[in-house]
Amino acid sequence: MSIRVAYEEMKQTLKQVFLNLGLTEEQAETCALIHTQSSADGVESHGLNRVPRFAEYVQKGWINIKGKPCLTGAKGAVENYDGQLGIGITNALFCADRAVELAKEHGIGCVTLKNTTHWMRGGTYAWRMAEAGFMGMSWINTESCMPLWGSDEPSVGNNPFCIAVPRENGPVVLDMAMSQYAYGKLGVYRLAGKELPYPGGFDKDGNLTSDPGAIEDSRRILPTGYWKGSGMALALDMAAALMANGNCGTDMDIQAKGSCTGCCQIFIAYDPYLFGTKEEIQTMLDRRAEAANNAHPEREGGHVSYPGERTLKTRAQSMKDGVAADETVWQQVCALAAGNMDTKDIASR
């Protein structure tokens with residue numbers, strides 16, 4: 001059952017969980033903020049719901065809470081860091097911010113990160129770069145969790161890709177996995193007792209299904225665009241490993257230390273006004289966004305939105321009415337905050 005939790009209550013509860021795990025005051029504050037913001041933006045799959053798994057990984061030693069990005073190489077506008085298996089959120093925030101600083105100097109900045117851990121909601125870092133006034137691109141490689149097209153077993157990651165356009169009247173932000181639904185989203189629908197709006201994978205018998213639990217059991221999530229999403233996932237995997245000189249998905253499969261442990265991440269920031277004035281660029285962006293909004297809806301009374309538009313509306317509702325949360329997950333997180341560090345992951349089986 002879904003409930004509403006006041007934003008500050010959720011944030012302070014999560015902060016206590018992170019403090020209980022041994023994070024510093026600054027780390028706990030940052031992680032609590034990002035997880036709460038993700039849920040407030042409607043991405044509870046990678047916000048509140050991910051906290052029990054994070055706690056489990058810390059306790060298993062798969063996340064090094066003392067690890068920080070260490071510079072391993074730099075050439076002009078490009079820098080490479082080793083994440084030392086540190087906290088995914090703090091590592092990724094550092095790299096996104098560093099990409100922006102490089103872009104301020106060079107017009108474009110690229111930071112590659114290897115040997116890091118799950119960054120939670122990928123869109124966090126694209127939003128951050130856009131809110132700093134820069135176009136942002138980022139992606140990650142993961143262990144195999146999705147079948148390549150033509151296979152019936154996990155053989156590639158769903159490797160989320162994000163791009164953000166810094167429109168002053170509302171950033172355009174695309175945050176997408178290479179699967180039709182990420183596993184976290186399957187968990188959200190399963191916990192709510194709902195079917196997916198569209199088929200999201202295959203059951204154990206190879207039948208296309210909208211049953212999230214059946215897809216979790218078979219581990220046959222559907223690539224976005226079928227063979228296109230499958231091919232894009234493989235290309236993103238290789239590109240991330242190449243650019244960061246780190247693990248590809250196959251390497252993470254061998255290590256078998258949970259979701260994204262030891263992964264690579266890429267952060268690119270671009271000055272939007274390199275070849276045009278702010279006025280003409282922003283006018284063009286408004287013109288394009290308006291055209292998208294004015295596209296004829298398939299149903300009477302419907303509305304076509306650009307990527308990121310609904311996020312802002314969800315965020316506003318969360319601040320007013322409280323952040324949506326699954327009651328079972330919230331109870332587990334509250335138990336973690338109270339010191340009962342049982343890390344059984346309810347959100348994702």
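This is a predicted model: local features need pLDDT of at least 70, side-chain atom pairs count only at pLDDT 80 or more; totals for chains, interfaces and linings use all residues.

Where is S45 found?

Modeller: S45 is found in the loop that runs between α2 and α3, the latter covering 51–60. With a relative accessible area of 5%, S45 is buried, because anything under 20% counts as such. Its side chain makes a polar contact with the side chain of H46, at 2.9 Å. Setting aside neighbours within four places in sequence, S45 is in contact with R50, G184, K185 and V188.

S259 is in the loop between α9 (249–255) and β13 (263–270), and at 11% relative accessibility S259 counts as buried. S259 and Y57 lie 202 residues apart in sequence, yet their C-alpha atoms are 9.3 Å apart in space.

Back to α2, the helix on one side of the S45 loop. Helix α2 (residues 25–40) packs against helix α4 (residues 88–106) at an angle of about 90°, with the axes 9 Å apart. That angle makes α2 roughly perpendicular to α4. On the α2 side, T30, C31, I34 and H35 meet I89, T90 and L93 of α4. By class, this contact has four nonpolar, three polar and no charged residues.

Methods:
Residues are numbered from 1 along each chain as its sequence is written. Side-chain values use heavy atoms; hydrogens and water are left out. Helices (H or I, at least four residues) and strands (E, at least two) are DSSP runs, numbered from the N terminus. Buried means under 20% relative accessible area, exposed over 50%, partly exposed in between (1.4 Å probe, protein chains only). Axes are lines fitted to C-alpha atoms, for helices over the stretch in contact, and angles run from 0 to 180 degrees between N-to-C directions. Angles under 35 degrees count as roughly parallel, over 145 as roughly antiparallel, 65 to 115 as roughly perpendicular and the rest as oblique. Contact means heavy atoms within 4.5 Å. Ala, Val, Leu, Ile, Met, Phe, Trp, Tyr, Cys and Pro count as nonpolar, Asp, Glu, Lys and Arg as charged, and the others, Gly among them, as polar. A polar contact is a pair of N or O atoms within 3.5 Å; within protein, one must be able to donate a hydrogen and the other to accept it, and residues adjacent in sequence count only if both atoms are side-chain atoms.
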